[in-house]
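Visitor: Please take me through this structure feature by feature, giving the general idea before each case.

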Amino acid sequence: MGVEIRPAQALRLWHDVTLDLVRDAQPDLSARQLAILLTVYLEVPPHTVRGLAAKLSVTKPVITRALDSLAKLKLTARRRDEFDRRNVIIQRTVDGALFVERLGDILVAHAKDLPR
């Protein structure tokens, strides 16, 4: 079931949520970092560096740099694939799950305030 909103409403929602994220004590994430984080938490695992690079149409080093930042913030973790040591598996963390849940709560709260 889709929700229909006008472009101006969508931009207002994005603006208000972004303001909340900038204003709180949590670290700011780039659009790329946020896209990776949401992919890891909203799509069925497993997630690999190679798979994320393909999905986002960027190189593996680009994904690796973003994952380095997310790991420092304890929003994701990495481990080697036991069956294919060349693959790096991206894992969810408790801190990451809480961050994504809070983001969802912020979105819902601001969506309720959208003018009709």
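Guide: Let us begin with accessibility, where buried means under 20% relative accessible area, exposed means over 50%, and partly exposed covers what lies in between, with a 1.4 Å probe and protein chains only. What you see is a predicted model, in which local features need pLDDT of at least 70 and side-chain atom pairs count only at pLDDT 80 or more, while totals for chains, interfaces and linings use all residues. Residues are numbered from 1 along each chain as its sequence is written, and side-chain values use heavy atoms, with hydrogens and water left out.

Visitor: What percentage of the residues of the protein count as buried?

Guide: Of the 116 residues, 33% count as buried, and the C-alpha atoms fill a box of roughly 50 × 30 × 20 Å along the principal axes.

Visitor: How many helices and strands does the secondary structure come to?

Guide: Helices (H or I, at least four residues) and strands (E, at least two) are DSSP runs, numbered from the N terminus. Here the protein has five helices and three strands, and read from the N terminus they follow the order α-α-β-α-α-β-β-α. A contact is a pair of heavy atoms within 4.5 Å, and among the contacts in the protein with a separation of 6 or more, 56% come from residues 24 or more positions apart.

Visitor: Which residues of α2 are buried, and what covers them?

Guide: The buried ones are Gln 33, Ile 36, Leu 37, Thr 39, Val 40 and Tyr 41. Their cover includes the strands β1 (47-48), β2 (76-80) and β3 (88-92), together with the helices α3 (49-56), α4 (60-72) and α5 (94-112). Leu 42 also lies in α2, but Leu 42 is exposed, because its relative accessible area is 62%. The C-alpha atom of Leu 42 is 9.1 Å from that of Val 100, although the two are 58 residues apart along the chain.

Visitor: What is the order of the strands in the sheet?

Guide: Two strands pair if DSSP finds at least two bridges between them. In this case the three strands form an open sheet in the order β1-β3-β2, with antiparallel pairing. Because β1 and β2 each have a single partner strand, they stand at the edges, and one side of each is left without a neighbour in the sheet. Helix α2 packs on this sheet and touches β1, β2 and β3, its direction making about 80° with that of β3; such angles run from 0 to 180 degrees between N-to-C directions, the axes being lines fitted to C-alpha atoms, for helices over the stretch in contact. Helix α4 lies across β2 and β3, and runs at about 120° to β2.

Visitor: How many bridges join β1 to β3, and which residue stands opposite Thr 48?

Guide: Two bridges join these antiparallel strands: Thr 48 stands opposite Ile 89, and His 47 has Ile 90 as its bridge partner. The antiparallel pair of β2 and β3 has five bridges, with Ile 89 as the β3 partner of Arg 79. Thr 48, in strand β1, counts as buried because its relative accessibility is 18%, and beyond its neighbours within four places in sequence Thr 48 is in contact with Val 88, Ile 89 and Ile 90.

Visitor: Which backbone bond is cis, and what is the phi of Ser 57 and of Lys 74?

Guide: Most residues other than glycine have a negative phi, and most peptide bonds are trans. Here a cis peptide bond, with omega about 10°, joins Pro 45 and Pro 46, and Pro 46 is found in the loop between α2 and β1. Ser 57, in the loop between α3 and α4, has a positive phi of about 55°, and at 67% relative accessibility Ser 57 counts as exposed. Lys 74, in the loop between α4 and β2, has a positive phi of about 65° and also counts as exposed, at 53% relative accessibility.

Visitor: Which residue lies over the face of Phe 99?

Guide: A charge sits over a ring if NZ of Lys or CZ of Arg is within 6 Å of the ring centre and within 35 degrees of the ring normal. Arg 102 lies over the face of Phe 99, at 5.1 Å from the ring centre.
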